Amino acid sequence: ASEDVVEAMTRYGRNLGIAFQIADDLLDLMGDSEITGKSLGTDLQKQKPTLPFIYIWKNAGEGERNEISAILTGPIEQRRTGLSPWFDRYGAFDYARDRAQTYASNAIVELQRLAPSPSREVLEQIANFVVARSQ
């Protein structure tokens, strides 16, 4: 492939990967373990920063951050439910969903450098799937 196409596919992959990770973070926080087939809340248990968490932390005031910190250092099994009102208050899930969709859309734009083909259609479907998946 030409250098232009290789660079476009690199950007496609990077955007797709970011969209996938944000969607995965959302599933970890909002998903149903019966549907996802995995245990949920593991990112919070391990205190991994995810986009929804980063968003509430960035927008919270100092006093609110103290409350959020107390939840994070509290019992592991209560972190997900304890932070849920904070995610709602700041619209963190909507924000993260929008960001994931933006990255997926950016990935799809990069496919315009490819000639129309079944392969290109599959790559576009993958980008759409990663943000709409429930497992």
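The protein has a mean pLDDT of 88, with 87% of its residues at 70 or more; the model is a predicted one. Confidence is highest in helix H7, at a mean of 96, and lowest in helix H2 (residues 33-36), at 50. Where pLDDT is low, the predicted coordinates should not be read in detail.

**Overall fold**

The protein contains eight helices and zero strands, so that its pattern along the sequence reads α-α-α-α-α-α-α-α. Of its 135 residues, 35% count as buried. Among contacts between residues at least 6 apart in sequence, 67% join residues at least 24 apart.

**Aromatic residues**

The count of aromatic pairs comes to three. Two of them are listed here.

| Pair | Centre to centre | Angle between planes | Class |
|---|---|---|---|
| Tyr 55 and Tyr 95 | 4.0 Å | 15° | stacked |
| Phe 87 and Phe 93 | 4.9 Å | 25° | stacked |

The tyrosine pair links distant parts of the chain, with Tyr 55 in helix H4 (residues 51-59) and Tyr 95 in helix H7 (residues 92-110), 40 residues apart. Tyr 95 has a relative accessible area of 30% and is therefore partly exposed.

In the phenylalanine pair, Phe 87 is buried because its relative accessibility is 2%, under the cut-off of 20%. Phe 93, with a relative accessible area of 12%, is buried as well.

A further ring takes part in a contact with a charge: the charged end of Arg 89 sits over the ring of Trp 86, at 4.3 Å from its centre.

**Helix H8**

Helix H8 (residues 118-132) has 15 residues. From its first C-alpha to its last, H8 reaches 21 Å, close to the 21 Å expected at 1.5 Å a residue.

Which residues of H8 are buried? They are Arg 120, Ala 127 and Val 130. These residues cover an arc of only 85° around the axis, which means that they lie on the same side of H8. An α-helix has 3.6 residues a turn, so residues three or four places apart point the same way. The cover over the buried residues of H8 includes helix H1 (3-30) and H7.

The exposed residues on the other side of H8 are Pro 118, Glu 121, Gln 125, Phe 129 and Ala 132.

Methods
Residues are numbered from 1 along each chain as its sequence is written. This is a predicted model: local features need pLDDT of at least 70, side-chain atom pairs count only at pLDDT 80 or more; totals for chains, interfaces and linings use all residues. Side-chain values use heavy atoms; hydrogens and water are left out. Rings of Phe, Tyr and Trp (its six-membered ring) pair if their centres lie within 6.5 Å; planes under 30 degrees apart count as stacked, over 60 as edge-to-face and the rest as tilted. Helices (H or I, at least four residues) and strands (E, at least two) are DSSP runs, numbered from the N terminus. Buried means under 20% relative accessible area, exposed over 50%, partly exposed in between (1.4 Å probe, protein chains only). A charge sits over a ring if NZ of Lys or CZ of Arg is within 6 Å of the ring centre and within 35 degrees of the ring normal. The expected span of a helix is 1.5 Å times one less than its number of residues. The arc is that of the directions from the helix axis to the C-beta atoms. Contact means heavy atoms within 4.5 Å. pLDDT is the predictor's confidence in each residue, from 0 to 100.
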